[in-house]
Amino acid sequence: MIPELGHFSLVLAGSLSLFAAVIGLSNTRNSMLQRSVVSMTVGQFALALLSFSALVWSFATDDFSVAYVANNSNSLMPWYYKVSATWGGHEGSFLLWILIMSGWMLALTLRGHQYPTSFFTKVLGIMALLNLGFICFSLFTSNPFIRLIPMTPIDGADLNPLLQDFGLIVHPPLLYMGYVGLAVPFAFAVAGLLEEQVDSAWARWSRTWTNMAWAFLTAGITLGSWWAYYELGWGGWWFWDPVENASFMPWLAATALVHSLSVTEKRGTFKSWTLLLAITGFSFSLLGAFIVRSGVLTSVHSFAVDPERGMYILIFLALVVGGSLTLYALRAGQNSTQVAYNFLSREFFMLINNLILIVALAVVLWGTMAPIGYEAITGGRISIGTPFFNKFFVPLGLVLAIALAILPLLNWKRTRVEALRPAVFSLLVATVFTVFIWFVLDPTSVVVAAAVGLGTWVVLSHGVDLFKRLRKGTTLPMAYIGMTLAHLGFSVCIIGIAITATQSEESDVRMAPQDSVMLAQQQVTFLGVVEVQGPNYSAQQGVFLVEPESSGSYELRAEKRRYFAGNNVMTEAGIQAGVLADTYISLGEPLTNGAWAVRLHYKPLVRWVWLGALLMAFGGFVAIFDRRYTSLRVRDAKSTKTAAEALTQT
Amino acid sequence: MNPKRKQRLYLTVFLLVVSAGVTGLLILVSGENMNMFYPPADVVAGKIPPDQKVRAGGMVLEGSVMRSDTSLAVEFQLTDHQGAIFDVAFSGILPDLFREGQGILVEGTMDAQGVFQAEEVLAKHDENYMPPELLDIEMGTQSQAYKALPSIDPRAAKGDSL
């Protein structure tokens, strides 16, 4: 009964989004109809929530007559994994996607009074149309509520053990908040084109949502990387796997959009480019969904292969991209405004930032899609490995860091060369610091020194700017604080990447009980293996004693788990996490005479990669609370709009 | 030419040059870093060029896995169940789902003795997974039921409880 209720709610939610889309996009000026779109949006969210709750209920109560539950759960699983198993497979994760889409729409209605009504109705109409497409996809190709009656299994097939983890509870919801959140700037762009209102006020409205979606996407990707690190047992944190790339591509586009929007808001220029980025960002979200859910690419975490689903998403993608780009081609030219700026200006450096991010996007797109193209053309199969991506990302990242280090010293429009003196000073300090680090670490390549030096330079130049502002006694706007935090996060991140990529120690060894090996000035002794029972698995737990030269010793336990239901084997690494370095031990397979294959890693600054990325996400969230975005009403927005237009005409 | 047009022309030329450059680099670098895939029949036929990093794949032949008693070296054979069999040598930790009968991918080079020296062994973390590269092979041998052997034999580690 409950699953049918969920199914029915989803159908109703779909019908509501159909009506909301038709009325929202109908150009009506009837205020009652316009208000009805808002009501339908709220109703749609309530129904999506009901539908999703019904599926959660089916999981929580072990209703194995529902095919999706039977395939992705098991009565032995702890309750929290049963609940998170709701989004552990394709069908349920897409229902979560729909719920989050409806959630963003609900959030929009809370801020609706800030925007002109006709514009806002269009935004909701576009969002409803997209959601209709998602709901149809769920109902027609991946319905999670299909029953197995009368062939009801006694117990479920179990959730993939890799997913029975804290990571599954938080990673997909955050990631989807980002993916789906990019639909909001997309809808703002399309509505702006339809209403011919693309100006500074428009950019300011869009910025709040773009920042929020971007911050969620950043946090989601970061948690995914951290999860892969401790769960897959390989000790890596980024694999250039197609599915990782699928989330990285919209992130790159969204990052470019966040920056380009700031220029459109402050200077009223880059309008066409900003619109194009908003369309691109969401298109890459959809492309990501296609990559993950169609199974066209080899990946560690794509869902089961189903050409029908892939075809549906591909057609949907073609309609969304084709439709929005056609509209863009027809309307975007009208928005062009010429604003003069010279090379030493924020505008120009934002252009550099965008250019680098778009080239990076092209690299990831190429590296991800080339194997498909190659197969389609020649019939042969190829794979493109990590070296390809590294060859591009190392120089791109370094150039981006240089631009970022200079940015805080630049004014809009033009900057006098003398004003750059603090930059030169901080560069000097950074260079000295780099040389120092170079001697301490004796790095294997110049690139490490460059990355650490540039990262330091970014921190210093932002620090100098912060100091200057504080001395002037002005209160710092939240947007400025957010930006500074995000930029500091970026430098923490690249320093972490450079150091952990080159200074890590890794070895795979054969260890019998009581064997010892040295790992980065630590003596690691294998004490042996004990049997451990979990709720739905039994494990062999390798116990290791780690004795650093200086401080006290500690014990690390790495597990090899066997899950009862599917007889799946899974590795659970033992990790001693530290701000300066991680010691990471995972068990391979048992060998003869009680010996085991053991993987030992010592990874300096690996946490900085995630801490830096989380700092970026945090900066994005902080910036949302800027008074510019929270306190303005439509009336104020109109007046600033005209002011900005006056500015752009000068 | 008026300055507005001139600026637009510069921008267009600049974007064209950049995109041409980027495309050229992408083709060049991906050409250097791509690994061709070879099914067992092609490996046996000697189609892999020497000293070039490639990918190969197949089903792990039952009973062919041999572990060294002193190191992490391991040797096994890959087959397409249609007569083509080749040797693979690897040193390191095999993935959790490496099993006899399971379809796997190896990445590495072919040595002069006709042994594939694998630098990496890939198997997906899912029971029902078949690398797409191997689907073509698998289609031909649907009847050939392969049973998955557990990669951990519980008895092997029973002796050393703490």
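Me: Where does Asn567(A) sit, in terms of β6 and β7 of chain A?
Reply: Asn567(A) is in the loop that links β6 (554-563) and β7 (569-572) of chain A. Helices (H or I, at least four residues) and strands (E, at least two) are DSSP runs, numbered from the N terminus. One heads-up: this is a predicted model, where local features need pLDDT of at least 70, side-chain atom pairs count only at pLDDT 80 or more, and totals for chains, interfaces and linings use all residues. Residues are numbered from 1 along each chain as its sequence is written, chains are lettered from A and ligands numbered from 1 in the order in which they are written, and side-chain values use heavy atoms, with hydrogens and water left out.

Me: Is Asn567(A) buried, partly exposed or exposed, and why?
Reply: Asn567(A) counts as partly exposed because its relative accessible area is 42%. Buried means under 20% relative accessible area, exposed over 50%, and partly exposed in between (1.4 Å probe, protein chains only).

Me: And what does Asn567(A) touch?
Reply: Leaving out residues up to four places away in sequence, Asn567(A) touches Arg562(A) and Arg99(B). Contact means heavy atoms within 4.5 Å.

Me: OK, new topic. Which helix holds Met127(A)?
Reply: Met127(A) is in helix α6 of chain A. Met127(A) counts as buried, because its relative accessibility is 0%.

Me: Which helices line the second largest cavity?
Reply: α5 (90-110), α6 (117-141), α11 (271-294) and α12 (307-331) of chain A each supply at least two residues of that lining. Among the lining residues are Phe94(A), Trp97(A), Gly133(A) and Tyr312(A). The second largest cavity holds about 70 Å³ of space.

Me: What classes of residue are in that lining?
Reply: Nine nonpolar, one polar and no charged residues. Here Ala, Val, Leu, Ile, Met, Phe, Trp, Tyr, Cys and Pro count as nonpolar, Asp, Glu, Lys and Arg as charged, and the others, Gly among them, as polar.

Me: Now sheets. In what order do the four strands of the open sheet in chain A run?
Reply: The order is β2-β10-β9-β8 (chain A), with antiparallel pairing. β2 (505-511) and β8 (574-576) of chain A are the edge strands, each pairing on one side only. Two strands pair if DSSP finds at least two bridges between them.

Me: Which helix lies across β8, β9 and β10 of chain A?
Reply: Helix α9 (residues 200-231) of chain A does, running at about 50° to β9(A). Axes are lines fitted to C-alpha atoms, for helices over the stretch in contact, and angles run from 0 to 180 degrees between N-to-C directions.

How values were computed
On a 1 Å grid over the protein atoms alone, a cavity is a set of points where a 1.4 Å probe fits but cannot get out, and a pocket is an open set with protein on both sides within 12 Å along at least five of seven lines; lining residues have an atom within 4 Å of a point. Grid points are joined across faces, edges and corners, and a volume is the space filled by probe spheres set on the points.
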